Amino acid sequence: MSKQILLASPRGFCAGVVRAIDIVNLALEVYGTPLYVLNEIVHNAHVVKDFRNKGVEFVRTLDDVPAGCRVIFSAHGISPEIRKRAVARELKTIDATCPLVTKVHLEALRYKRQNYTIILIGHEHHEEVVGTMGEAPDHIKLVGSSEEVDQLDLPANARIAYLTQTTLSLDDTREIIERLRLRYPQIEGPNVNDICYATQNRQNAVQHLSRTAQVILVIGSANSSNSNRLVEVAEKAGAQAYLINDTHRINPAWLENVESVGITAGASTPEFLVNEVIQYLGQFGYKEVQEVQTVDEDVHFALPPELEKTLAGRPTEQMRD
């Protein structure tokens, strides 16, 4: 039996990441530089490096953006306080927040208006969580585990609702929600699961892959929440899994006595990295590549109004497909 590569599908870029990257590319095309992005546009070192090479400047605070310049808010979302500061400094802004993150922000605002205590399930300090908590800081309590649920001290009859970060592990989130419901039977939640479709699909795909692949390589950056969750899901399903940024992070020792290697990629990982890993593995005899598809994805998000209006005024031959 020849050595084989099992390629997860779906993998890589989700609609929110495609939209965010398109926004930066279009802003460069329409406005040129200087162009600033608050935080990383998406959590992938290669994507960020490519934009830096094109002249984009990534900043951690709006104080690093000169007054009157143009700044793009990343796909992870921002707090209302950041928006206010941008207006006060007369910055030209473009919002690349993923629409699914915006949905969570709107849910937080709705529960805030109804005077709920909101339990946000997520990872402390993650940019998406920071932005969501900024919508209702006096109403939100953050939990990251079932143990932290047990540490909550809320009145038995309190009005409580839960929301989740979009890039979490499905299994871990389900466990936390079950614990919340056990402690607070009256708790409410969103009508539709906040875990984004791409996160769910990629976790389901890698879980399926783990049934046959002995080793799974998850291509993604270390600060990518959804990429880290893919590693956890694969390990939980019984596979040996490793997070790699690119081929330089592959340890040949991982491949010893391994006949089948699974490959997947986080939602902010460009496909060229997948192709490079496939070529690299070919040196070790992995010549057969089989795509393992679990679901078709056909999701697209519209550009933000700031860019739509600008593009609408341009001659047709200058506009992108």
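Guide: Happy to! A salt bridge here is a side-chain nitrogen of Lys or Arg within 4 Å of a carboxyl oxygen of Asp or Glu. The model is predicted, so local features need pLDDT of at least 70 and side-chain atom pairs 80 or more, while totals for chains, interfaces and linings use all residues. Residues are numbered from 1 along each chain as its sequence is written, and side-chain values use heavy atoms, leaving out hydrogens and water.

Searching the whole structure gives 13 salt bridges. Among them is a network that links Arg-11, Glu-271 and Glu-291.

Next, take Arg-85 and Asp-63, whose side chains meet at 3.2 Å, N to O. Arg-85 sits in helix α3 and Asp-63 in the loop between β3 and β4, so the pair ties together parts 22 residues apart in sequence (helices, H or I of at least four residues, and strands, E of at least two, are DSSP runs numbered from the N terminus). Arg-85 is partly exposed at 28% relative accessibility, whereas Asp-63 is exposed at 54% (buried is under 20%, exposed over 50%, partly exposed in between; 1.4 Å probe, protein chains only).

Within helix α4, Glu-107 and Lys-103 are four residues apart, about one helical turn, and their closest N and O atoms are 2.9 Å apart. Glu-107 is buried at 9%; Lys-103 is partly exposed at 26%.

Finally, Arg-202 bridges to Glu-297 at 2.6 Å between the closest N and O atoms. This pair links distant parts of the chain, 95 residues apart: helix α8 holds Arg-202, and the loop between β12 and α11 holds Glu-297. Arg-202 is buried at 2%, while Glu-297 is partly exposed at 29%.
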